[in-house]
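Colleague: I am new to this structure and would be grateful for a guided introduction. May I put some questions to you once it is before us?

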Amino acid sequence: MQSEQTPEFKNHTPMMQQYLRIKGDYPGTLVFYRMGDFYELFFEDAEKAARLLGITLTQRGTSNGNPIKMAGVPFHACEQYLAKLIKLGESVAICEQIGDPATSKGPVERKVMRVVTPGTLTDADLLPEKSDRPLLALHQITQRKTVSVGLAWLSLASGVLKLMEFSGDTASCTNRLRQELERIAPAEILIADDVENAAIRNLPARETGVPGWHFDQANGKKTLLEQLAVASLAGFGAEQLNAAIGAAGALLRYAHTTQGKGLQHVRTLTVESENEFIGLDAATRRNLELTETLRGQESGASGPTLFSTLDHCRTSMGSRLLRHWLHHPRREQAVAQSRHAAIHALMRNDASAGLSSTLANVPDIERITTRIALLSARPRDLAGLRAGLQHLPSLRGYVGMCVQEADAPLLHAIQEALATPGECLDLLERAIALEPAAMVRDGGVIARGFDTELDELRGLSENAGQFLVDLETRERARTGINNLRVEYNKVHGFYIEVTHGQTDKVPDDYRRRQTLKNAERYITPELKAFEDKALSAQDRALSREKFLYEQVLRDLGSHIGTLQAIAQAMAQLDTLTALAEHALRNNWCAPQLESEPTIAIKQGRHPVVENQIERFIANDCELSTERKLLLITGPNMGGKSTYMRQVALITLLAYVGSFVPASQATIGPIDRIFTRIGAADDLAGGRSTFMVEMTESAAILNGATEQSLVLMDEVGRGTSTFDGLALAWAIARYLIDSAKSFTLFATHYFELTQLPETHPSAANVHLSAVEHKDSIVFLHAVQAGPASQSYGLQVAQLAGVPANVIRAARKHLAALEAHSVQAAPQFDLFASVAAQVEDPPTTHEHPVLSALNAIDPDSLSPRAALDALYQLKQLSESAQ
C-alpha cells in the first residue's frame, strides 16, 4: 500500500484510503473488500449491490465528513451472490487480506486476487454445466476500402483458444461478424476503447472496453508465442492473421489480469476458416430449435429442443461437446463418417450399457483440470478427479470390445487417449483423503501417511481427548471432587470446572480462569502446558496441510496436457454413446454421405416431434440435380413446416455425425442451411413482420449456392396479395435459375403450382387432408401434385373461432369465388410515368393490345391474373 497521502485521500480514514486506492484501479467493477468473515462493499458499490442482490444497505461511521454506506455478503457464501451479479452482466473484483492482522500497524494489507467477469468464469458454482461461456476479443484493421476483422476467443474453463480472420467491404464484414458472433455466442466481448464503428459498438453480448494499444499486432504475436511456448505461429496457420493476432494479444492480457496468474492450461491454438463448418445463421438456429425453442428459452417448460432430445450424456463434458457439434457441423464428410462408424460399433456391442453406467460416475475432468492450472481447485475437485481416473481401465476395456468387432478409427483413438496416467493417479491416491473437507482451511484434506510432520502434528491434536480423560480421572482422585470436569471451548481454551460447593477442596496449584454462577473454572500448570502444545499443534497442522495441498496442485501442473486429452476423449466417448443409445432406442439409420448433389430420404421423421406424439407419419424427400425445388402446398396445420424442418434436421444430423430418423438417407455435399419460417416483428429494431421476412429472404438469395439447402415457408404473406404473389414467384424462380439450391418452398399461393410447367427442376407436392362435413382431418402424408385447397375456414373452426364468424366467412368466400372480386384493389405505385400516358387511338389495334384493353385489373383474382398473363404471352407468340 502506498504510504503517501494524495490530496483527495488525506481526509479519509486509513482504511478508506486503502479501499479508495484499490477501487480507483477498478472503476467500473464492483469491489468485494474482505473484512473478517465478510466481503464488504462501500459507497456507490454498496448502493448498487444492495439494489441488485436485495441485501441490506447500512451506514457506519464517517470518512471525509460523509457517512460510509456499506453492504456485505458472508465470504463462505459469496459464490451465490457472484452468480447473481454475473448473470446480471456485472464484474466483481475479489480483494483479499494478504497481511497478518497481528503484525499490521495500520490497515491489514489487501490485494485484488482475481476479477470475475461474464467471460472469465471457472468456478463450478458460476458456470452453466452444459454450455461454454467464451471470452472473445474483436479487432478491426482498415486499409483503403478493405476491412479485416480478427476474432480471438477463449473458453477459460477448458483452455480452448481459437482465432478467425475475414476481409471484405464494410457491409459484408459487418454481416459476417454478426453470423460468427451468433455461432460462437461469447459471454463477453473485448473491444478497443477508441473504436467508433457503430456496428462494432452494438454487439449481442456484454462489451468491455480495453485500451487500443492492447491490440498491437507485434505485442500480440509475442504474447501468443510465449503462451504456446513455440517459436512460430506458422504451424497453426496463424502467421498472416494480423488482425486476429492483435485480438489474441488483448484477449490473453485480459485473461491474465483477471485471473491474477498464468494460464498454463492454454497450450494450443486452433484457426477456424470460413469453409470449415456448414453455415447456420441465427434465423436457422432459431427456426430449427437446435438448443432453444422458438420462444427463446432453453429446453424445459417451453418445450423440447434437438439438444434436449439427444442429450443422454452422462457427463457435463459430453453435453457441452454435443451442443458444440450441433452448432458446428463440419462440411468435411470424413469427420461425420468417422462418427457414424463409431456409433455403429457402439450399437453392435453390448458395451454401451457398461459405458453409460461407468461414465455416470465421472466428474467434469475438463473444468477440474482448468482449476488445477489456475491453482483454484478445491479438495473435492481432486477427490473427484481421482475417482474419474480410477474408472479409465473399465472405460478402455469397454471401448476395446467395440473396436475388436468393427472398423472404427475414432474409437481406437479414444481408447489410446484413455490410458491411465499412473504418476498423476498415484499422487492423488497418496495425497488426498478419501473424503476430504470442502475447503483446505477446514483441515482433513491430506491423507494420513503422506507427510510425517503432518501426521505428528495431527497426533498431538487427536490425542488430546485421551489426555483430558486421564487428567480428569487423576484430578478427581487427587482432590476427592467426584463431579470435577476437564473441558474445552474456543473462547477460554482448556479448563477444570468445580462447582461452588466443592471449591474448598481445590489444591493450591489451581489458578482461577473464570467464575460462573454455579461453578469456578481453573487452569493448572500441567493443563496450561498441554493447552499451548495442543493448540499450537492444531494451528501448525492446518498451516502444514495448506502448504502440502498447494504443493500437490503445483505437482499436478505437469499433468495438465494429459488430463486435457483424457477429458476430450471422455467427452467424445460420452457423446457418441448418447447418440448410439438414442439411435438404437428410436430406430434411426446410418446416413450415407456422397459426393454427388442429392438429398434422398426414405421414411424420414422429425427427430423431436416423433417423441412427442403417439404416431408420427413418416415421409420421403427426393432432391437431385434434376429435381431442385419442391413446391409444398396443403392446409394450415397440415404439417408443411414440420416436413421442411425434418428434412433440414436430418441433413444437419448426418453432418453432425449422428444417425438420422429415417429408414434410409443419402446426402450430398452441403455448405449452408437457410430457413425462412414463421412470422415475427422486430419492434426494438424498428422492423415490421414483412421487413423481417424480406431481410431474411435477402440473406438467403445473396448467400445460397448450388450446395445450399433452403427452406422458404409462405414467403410474401406479410403484404398485399399481388405483391406477395409476385415476390414469391420471383424468389422461387431465382432459387431455381440462379442459386440452383436444394429448396423446399411452402406456399398458399396456388398460382405458383404452375411453376413446374416452365421449370422442369421444380415439382409439386402437398400435405394431404380429407374433409368430413364441415371439419377436416389432417393425414400429414406428403403426396405428389398440388393441393386442391387450403382449408383455411376449417382450421379457423378448429382454433375456436366463433361459429357466426365462420358462417359469415363461408358466405363471403362463396361470393368472392362466384364473382372473382378482390376484396382490396391492388395498385402498382411504381408504374412508370410513360405507362400512365394514354395511348393515341389507332385504326388497327394489335391483338395483344386488344386483349390488354379488355382486362379490368381491379376485378381479377390472383388466379385469373395469372391466366390472363399466359393468354397474353400466347397471343404475342402467335402474332410474331
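Modeller: Let us begin with helix 11, residues 351-359, whose buried residues are Ala-351, Gly-354, Leu-355, Ser-356, Thr-358 and Leu-359. Buried means under 20% relative accessible area, exposed over 50%, and partly exposed in between, with a 1.4 Å probe and protein chains only. Helices (H or I, at least four residues) and strands (E, at least two) are DSSP runs, numbered from the N terminus. This is a predicted model, in which local features need pLDDT of at least 70 and side-chain atom pairs count only at pLDDT 80 or more, while totals for chains, interfaces and linings use all residues. Residues are numbered from 1 along each chain as its sequence is written, and side-chain values use heavy atoms, with hydrogens and water left out.

Colleague: Which helices do the buried residues of helix 11 pack against?

Modeller: Contact here means heavy atoms within 4.5 Å. By that criterion, the buried residues of helix 11 pack against helix 10 (333-348), helix 14 (392-405) and helix 20 (560-586).

Colleague: Where is Asp-574 placed, and is Asp-574 buried or exposed?

Modeller: The place of Asp-574 is in helix 20. Leaving aside neighbours within four places in sequence, Asp-574 is in contact with Cys-313, Arg-314, Thr-315, Gly-318 and Leu-359. Its relative accessible area is 2%, so Asp-574 is buried.

Colleague: How far apart are the C-alpha atoms of Asp-574 and Ser-356?

Modeller: Ser-356 is one of the buried residues of helix 11. Asp-574 and Ser-356 are 218 residues apart along the chain, and the separation of their C-alpha atoms is 7.5 Å.

Colleague: Which residues touch the most other members of the largest nonpolar core?

Modeller: A nonpolar core is a set of buried Ala, Val, Leu, Ile, Met, Phe, Trp, Tyr and Cys residues joined through side-chain atoms within 4.5 Å. The largest one has 110 residues, and those touching the most other members are Leu-382 and Leu-411.

Colleague: Which helix gives the most to this core?

Modeller: In soluble globular proteins, nonpolar side chains tend to be buried together. Here 12 residues of the core come from the helix that gives the most, helix 20.

Colleague: How many residues are in the other core, which includes Leu-135 and Leu-154?

Modeller: That core lies apart from the largest one, and Leu-233 and Ile-245 are also among its members. Its size is 30 residues.

Colleague: How are helix 12 and helix 13 oriented to each other?

Modeller: Helix 12 (residues 365-373) and helix 13 (residues 379-390) pack at an angle of about 135 degrees, with their axes 10 Å apart. Axes are lines fitted to C-alpha atoms, for helices over the stretch in contact, and angles run from 0 to 180 degrees between N-to-C directions. Angles under 35 degrees count as roughly parallel, over 145 as roughly antiparallel, 65 to 115 as roughly perpendicular and the rest as oblique. Helix 12 and helix 13 are therefore oblique.

Colleague: Which residues of helix 13 does helix 12 meet?

Modeller: From helix 12, the residues involved are Ile-365, Ile-368, Arg-371 and Ile-372. Their partners in helix 13 are Asp-381, Leu-382 and Leu-385.

Colleague: Is helix 12 roughly parallel or antiparallel to helix 20?

Modeller: Helix 12 and helix 20 pack at about 165 degrees, with their axes 8 Å apart. That makes helix 12, relative to helix 20, roughly antiparallel.

Colleague: Which residues of helix 20 meet helix 12?

Modeller: Helix 12 contributes Ile-365, Glu-366, Thr-369, Ile-372 and Ala-373. In helix 20 they meet Ile-560, Leu-563, Gln-564, Ala-567 and Met-570.

Colleague: Where is Ala-185, and what is its phi?

Modeller: Ala-185 is in the loop between helix 4 (170-184) and strand 10 (188-192). At 45% relative accessibility, Ala-185 counts as partly exposed. Although Ala-185 is not a glycine, its phi is positive, at about 55 degrees.

Colleague: What is the separation of the C-alpha atoms of Glu-332 and Asp-671?

Modeller: Glu-332 is found in the loop between helix 9 (316-327) and helix 10, and counts as partly exposed at 44% relative accessibility. Glu-332 and Asp-671 are 339 residues apart along the chain, and their C-alpha atoms are separated by 9.8 Å.
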